[in-house]
Amino acid sequence: MNTKTDKCIHCHRCRDNCAFLSKYGIDIGDTGRLKDLAYHCFLCGTCTSVCPAGIDGRAVILDMRRSRASSDEIRAIEKENRWLIAEKRSYIFSNWKYVTAGRAYFPGCNFPSMYPKTNARIAELFAEHGIGTIYECCGKPVAELGMKTDEDRIISGIRKRLEAAGVTEVITACPNCRAFYGERLGVRIRSVYDVMRELGIGNAIEGDIELYIPCPDRKESVWVEEIRPFVKGEIRINRNAQCCGLGGSAMKHEKEIADGFVRDLEKDINGRIFTYCASCTGRFSRSGLKSAEHVLAAITGTHEQPDIYKSFINRVMTKLR
Ligand code: SF4
Ligand code: SF4
């Protein structure tokens, strides 16, 4: 995969598979127009996965955002995203009081925000195995605005804190955190499902399930395999939606497209639909799709619905724990 758009053959595959590119009638190779619209992209990665020339469209657009954010335009970008930046540039609800050396549970900012009871249950079960919890934002929301200096500072800060605490394994509940960090923390990163399976925690879901794969796991589907031991029946993947609509903070510019994604998902749901990203379930619930359920709420037995009305207060509470 590369970010060299001169390899673009204008086959329109990216455009045909993306509601945003299609709305403006552009390909990833149409860089002039695309740069102006860089903050309208959901950063879902669909264009990357379909390009026959190996162009990483998502990375191309992220680079464009970085270039715009390192120019005079930064003030306008900061103004437009002031609430996100005020909370997450240096995460104001960060709480490392319960960190443990060795393994540590890292639920991210959105999972405890939407699923406070389920998160507390997981933290409690892990504590029984000597695993503490870190309340922190991974930094991806700020990074996706193109704020590279802040992104690097956030990652290096977390890396140093993990090192100082003697953490060698981070257990994530959020596919965004894991995809965003990759190898950058210098520690092993595992999903909560993988560790719960190893420790014999959690109940299996009866029967077949329908599953929506969040954008960061769409290509590799690593989490789907890790969830499989918790499902007694078959897993049917629902591929109807391009994104939940929250990706890349693009919704403020493209609300109609974002709402269209949820309607696309709804088309073919047979009963409940499961997913494993709290941002996605929160977004679906806010858009009126109430049949979406988080896998963790099912396997821990809380069957909690996303707490969309108190999500901010729930984040405050992670600081006060
Ligand atoms: S899919 Fe790739 S080659 Fe085709 S138009 Fe898009 S960027 Fe160009
Ligand atoms: S990352 Fe997603 S929304 Fe952005 S251009 Fe590619 S397919 Fe479209």
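Let's start with one pair of residues: I171 has R190 as its bridge partner in strand 4. I171 sits in a run of paired strands, and you can follow it on the screen. Strand 3 and strand 4, which is residues 188-191, are parallel and joined by four bridges. On to the next pairing: strand 3, residues 167-172, also runs parallel to strand 1, residues 102-106, with five bridges between them. One example there is A104, which stands opposite V170 in strand 3. Before I go on, please keep in mind that this is a predicted model.

Now, which residues have the most contacts inside the largest nonpolar core? They are I61, A104, V192, F261 and L296, and the core itself has 90 residues. Leaving out residues up to four places away in sequence, V192 touches I122, I171, T172, A173 and L296.

Let's zoom out for a moment. The protein is divided into domain 1 (5-73), domain 2 (102-198 + 309-320) and domain 3 (203-299). Between domain 1 and domain 2, the C-alpha centres are 29 Å apart. Their contact is made by six residues from domain 1 and five residues from domain 2. On the domain 1 side, three of the touching residues are nonpolar, three are charged and none is polar.

Next, the ligands. Ligand 1 has 16 residues around it, and C8, C14, D27, I28 and C51 come nearest. By class, that shell has ten nonpolar, four polar and two charged residues. Ligand 2 is surrounded by 13 residues, with C18, C41, C44, T46 and C47 the closest. Helix 2 (19-24), helix 4 (46-50) and helix 5 (57-69) each give two or more residues to the shell around ligand 2. Which helix gives the largest share? That is helix 5, with three residues. Nine residues of the ligand 2 shell are nonpolar, three are polar and one is charged.

Here is a helix I like: helix 16, residues 278-286. Why can we call helix 16 largely enclosed by the rest of the structure? Because seven of its nine residues are buried. Those buried residues are A278, S279, C280, T281, G282, R283 and F284. And what covers them? Among the elements doing so are helix 8 (110-114), strand 5 (209-212) and helix 15 (255-266). The cover also includes strand 7 (273-275), strand 8 (292-294) and helix 18 (311-320). After helix 16 comes G288, with a positive phi near 95°.

That brings me to backbone angles. Most residues other than glycine have a negative phi. L43 is not a glycine, yet its phi is positive, about 50°. Look for L43 in the loop between helix 3 (31-36) and helix 4. H303 also has a positive phi, near 50°, and is not a glycine either. You will find H303 in the loop between helix 17 (295-299) and helix 18.

Are these two buried or exposed? L43 has 22 other C-beta atoms within 10 Å, and buried means 20 or more, so L43 is buried. H303 has 11 C-beta neighbours inside 10 Å, and exposed means 12 or fewer, so H303 counts as exposed.

Key:
Residues are numbered from 1 along each chain as its sequence is written. Chains are lettered from A and ligands numbered from 1 in the order in which they are written. This is a predicted model: local features need pLDDT of at least 70, side-chain atom pairs count only at pLDDT 80 or more; totals for chains, interfaces and linings use all residues. Two residues are in contact if their C-beta atoms, placed from the backbone, lie within 7 Å. A residue is near a molecule or strand if its C-beta atom, placed from the backbone, lies within 6 Å of it. Ala, Val, Leu, Ile, Met, Phe, Trp, Tyr, Cys and Pro count as nonpolar, Asp, Glu, Lys and Arg as charged, and the others, Gly among them, as polar. A nonpolar core is a set of buried Ala, Val, Leu, Ile, Met, Phe, Trp, Tyr and Cys residues joined through C-beta atoms within 7 Å. Domain bounds come from an automatic or database domain assignment. Two strands pair if DSSP finds at least two bridges between them.
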